[in-house]
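This report is written for a reader who is meeting the structure for the first time. Please keep the sequence and the model in view while reading.

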Amino acid sequence: MSPDPSPLSPPDTGDQGRDILSLRDFRLRFRGQPVPTVNGIDLKVAAGEILCIVGESGCGKSVTAMSIMGLLPPRSSEVLSGSLDFLGKSYDLRHENLPAGQRGNQIAMIFQEPMTSLNPSFTVGNQIAESVLQHQGGSRAEAMERAHDMLVKVGIPAPRQRLNEYPYQLSGGMRQRVMIAMALANDPKLLIADEPTTALDVTIQAQILDLIRDLRRETGMGTMMITHDLGVVAEIADSVAVMYGGEVVEYGPVTEIFDNPQHPYTIGLMSAMPRLDQPGGRLAIVPGSVPSMANMPSGCRFRSRCAFAHARCADPAPKVEAAPGHSVACHFAPLEQNLAVTA
Amino acid sequence: MTETTAPMMQEQLGKAENRVWKKFRSHRSALLGGILVSFFVLIAVLAPILPIPDPATTSWSAVRKAPSMAHWMGTDEIGRDVMARLIWGAQASLLAGVVSVGIAMCLGVPLGILAGYFGGWTDAIISRCTEALLAAPFLILAIALAAFLGPSLTNAMIAIGISATPIFIRLTRGQVLNVRSEDYVDSARAIGLPTPKILRRYILPNVLPPILVQATLTIATAIIAEASLSFLGLGQQAPAPSWGSMLNTAKNFLNQAPWMAMWPGISIFLVVLGFNLLGDGLRDALDPREH
């Protein structure tokens with residue numbers, strides 16, 4: 001029986017302010033799965049920081065986010081370990097979730113599909129006001145006033161009029177702005193955005209990213225953004241956690257990850273991205289797809305697809321500090337020194 | 001700015017609400033259904049002030065008279081005016097239809113929401129009971145329940161209501177299973193709304209349209225059921241008039257006085273047709289696919 005790999009710890013973000021959220025050694029197994037879907041994740045978000053979690057579908061990004069929010073149905077999954085520090089309080093995720101009073105108040109979430117994330121039966125003003133009333137109390141008129149202010153803040157034209165419109169009367173970009181207004185109505189300390197721009201077209205994407213960046217500057221909230229789009233990451237992230245098969249394989253400041261990727265999976269992702277400065281030719285791909293939980297290899301979970309895979313990859317990958325604040329889970333890291341030796 | 005946008009706002013709001021109505025209005029058969037139903041509702045409501053004879057007054061000089069100027073629809077076996085009884089009978093029929101469906105909805109919709117939203121054991125228990133009730137044919141169940149409760153119009157309505165409940169549980173549960181996985185329910189939970197509020201504001205309004213359609217169609221079924229129970233003597237009790245009990249008496253005189261059976265038969269046919277057309281129209285008008 002090999003020991004569990006030591007989980008990657010987040011880079012030190014001391015200069016950006018205190019941590020709002022830190023998640024330690026989070027493991028979650030879906031019932032009926034042989035191995036944990038999320039296998040020991042450590043994440044940290046500081047005030048004003050934008051952390052991007054990248055990885056392909058099914059690598060556990062959304063599951064982690066939903067778990068932090070306490071939104072996963074308890075019947076379908078089981079938390080094996082994990083502790084969550086949020087605003088100075090500690091929660092053992094095996095037994096407890098964030099209290100419902102925090103959801104939508106101190107911690108808010110926006111979803112991927114703006115087209116279906118609003119209740120079609122009520123006006124958008126009503127829905128924003130509902131969140132305000134739930135956490136701040138006060139009169140309905142005050143809540144509607146707050147809803148109006150929020151619509152102004154997220155840059156919706158003719159906000160008075162929009163307040164009384166139904167979701168079907170708004171475009172996708174507008175709806176995502178409404179979702180953001182709703183999430184931020186109670187001045188949360190942390191915003192979790194689960195692929196907020198995936199369903200939008202590119203120009204609207206850029207607007208929404210600008211909006212999130214502006215709001216971050218204004219409110220000092222921390223943001224955890226889940227995405228599979230490295231373009232989004234490059235544009236907005238302060239730090240990046242690259243996930244594969246339910247593990248964080250590389251974690252560091254955005255410049256480090258882009259300029260000095262160490263994990264073969266990160267390198268694969270980078271080379272799979274089209275570049276303006278090197279036109280022509282075929283894009284590199286990472287061969288195969290994420291194995292199902294039943295076929296997840298032991299040791300390094302990426303080894304079934306890794307170009308550098310070696311016998312020792314069957315052992316859990318060690319955690320290596322490639323640069324200050326930049327950690328990577330790979331037997332060969334740092335690459336420059338090790339590849340030459342094995343080759 | 002408020003002044004300039006206000007009329008626009010009104011106009012747009014109006015548009016949203018009129019959308020369903022507009023579609024409904026252009027649906028000819030639904031309109032016909034609406035007219036039929038309104039007609040029967042009107043005569044039922046206006047029964048006390050219409051210039052018609054008392055429905056319970058007998059007359060030995062006018063037994064089983066064919067339709068004439070004095071009795072437009074003829075008289076029955078003890079000389080009561082058939083038209084008067086038909087109009088008063090409309091009250092019993094419509095009341096039975098609406099009240100029993102009301103009972104079925106009040107029981108079925110909350111149970112369906114609980115089963116669909118919470119799943120697990122809650123769902124297992126509610127759904128198994130529903131299936132057990134559905135195993136018995138609707139009318140047989142209603143007859144058994146009515147016989148058990150004792151013959152009266154109120155008991156007939158309760159019996160029909162309970163018999164119709166499983167349909168609503170099932171329909172609601174299915175709809176809730178759909179709506180529950182919608183992103184807006186997740187986002188309601190993400191903004192920290194408590195479960196009762198999510199059920200009331202996010203689930204209920206969005207499962208309601210198909211339930212309303214089902215309710216309209218079930219009223220038609222309930223009216224037939226009430227007529228059947230009254231025909232069997234388990235519904236409205238003599239001398240109060242009801243279409244079902246009128247048919248029951250009339251069957252003994254089909255050769256001598258066919259009008260006694262004809263008018264209540266036609267009425268049942270028309271009112272049931274009306275509710276069915278109305279329900280179909282509502283279904284098309286509320287169909288989200290055509291928005």
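## Overall form of chain A

For 343 residues, a compact globule would have a radius of gyration near 20 Å, and the 21 Å of chain A agrees with that. The model is a predicted one. Along its principal axes, the C-alpha trace of chain A spans about 70 × 50 × 40 Å.

Chain A contains ten helices and twelve strands. Of its 343 residues, 47% count as buried. Among the contacts in chain A with a separation of 6 or more, 67% come from residues 24 or more positions apart.

## Two domains in chain A

Chain A is divided into domain 1, made of residues 14–106 + 189–342, and domain 2, made of residues 116–187. The C-alpha centres of these two domains of chain A lie 30 Å apart.

Where the domains of chain A meet, twelve residues of domain 1 are in contact with 13 residues of domain 2. On the domain 1 side, the most residues come from helix α6 (residues 202–219) of chain A, which gives six. By class, this side of domain 1 of chain A has eight nonpolar residues, four polar residues and no charged ones.

## The contact between chains A and B

Chain A brings 30 residues to its contact with chain B, and chain B brings 23. On the side of chain A, the elements that give two or more residues are β6 (107–110), α2 (124–136), α4 (159–163) and α5 (172–184). Of these, α2(A) gives the most, with four residues. The residues on this side of chain A divide into twelve nonpolar, twelve polar and six charged.

In soluble globular proteins, nonpolar side chains tend to be buried together. Here the largest nonpolar core has 173 residues, and those with the most contacts inside it are A:Cys52, A:Ala181, A:Ile192, A:Val242 and B:Ile223. Helix α3 (residues 82–118) of chain B gives the most to this core, with 18 residues. Domain 1 and domain 2 of chain A both give residues to the core, so it lies between them.

A:Ile192 can be followed in more detail. Leaving aside its neighbours within four places in sequence, A:Ile192 is in contact with A:Ala65, A:Ile68, A:Met69, A:Ile107, A:Met109 and A:Met224.

## An enclosed strand

Strand β2 (residues 38–46) of chain A is largely enclosed by the rest of the structure, because eight of its nine residues are buried. Strand β1 (residues 19–30) of chain A runs antiparallel to β2(A), and seven bridges join the two. Within this pair, A:Arg27 has A:Asn39 of β2(A) as its bridge partner.

## Backbone features in loops

Two residues other than glycine have a positive phi. For A:Glu195, phi is about 45 degrees. This residue, A:Glu195, is in the loop between β7 (190–194) and α6 of chain A. For B:Arg64, phi is near 50 degrees, and the residue lies in the loop between α2 (28–46) and α3 of chain B. With 16 C-beta neighbours inside 10 Å, B:Arg64 also counts as partly exposed.

Chain B also has a cis peptide bond, from B:Ala238 to B:Pro239, with omega near 5 degrees. B:Pro239 is placed in the loop between α8 (195–231) and α9 (243–250) of chain B.

Key
Residues are numbered from 1 along each chain as its sequence is written. Chains are lettered from A and ligands numbered from 1 in the order in which they are written. This is a predicted model: local features need pLDDT of at least 70, side-chain atom pairs count only at pLDDT 80 or more; totals for chains, interfaces and linings use all residues. Domain bounds come from an automatic or database domain assignment. Two residues are in contact if their C-beta atoms, placed from the backbone, lie within 7 Å. Ala, Val, Leu, Ile, Met, Phe, Trp, Tyr, Cys and Pro count as nonpolar, Asp, Glu, Lys and Arg as charged, and the others, Gly among them, as polar. A nonpolar core is a set of buried Ala, Val, Leu, Ile, Met, Phe, Trp, Tyr and Cys residues joined through C-beta atoms within 7 Å. A residue is buried if 20 or more other C-beta atoms lie within 10 Å of its own, exposed if 12 or fewer, and partly exposed in between; C-beta atoms are placed from the backbone. The radius of gyration is taken over C-alpha atoms; the globule rule is 2.2 Å times the number of residues to the power 0.38. Two strands pair if DSSP finds at least two bridges between them.
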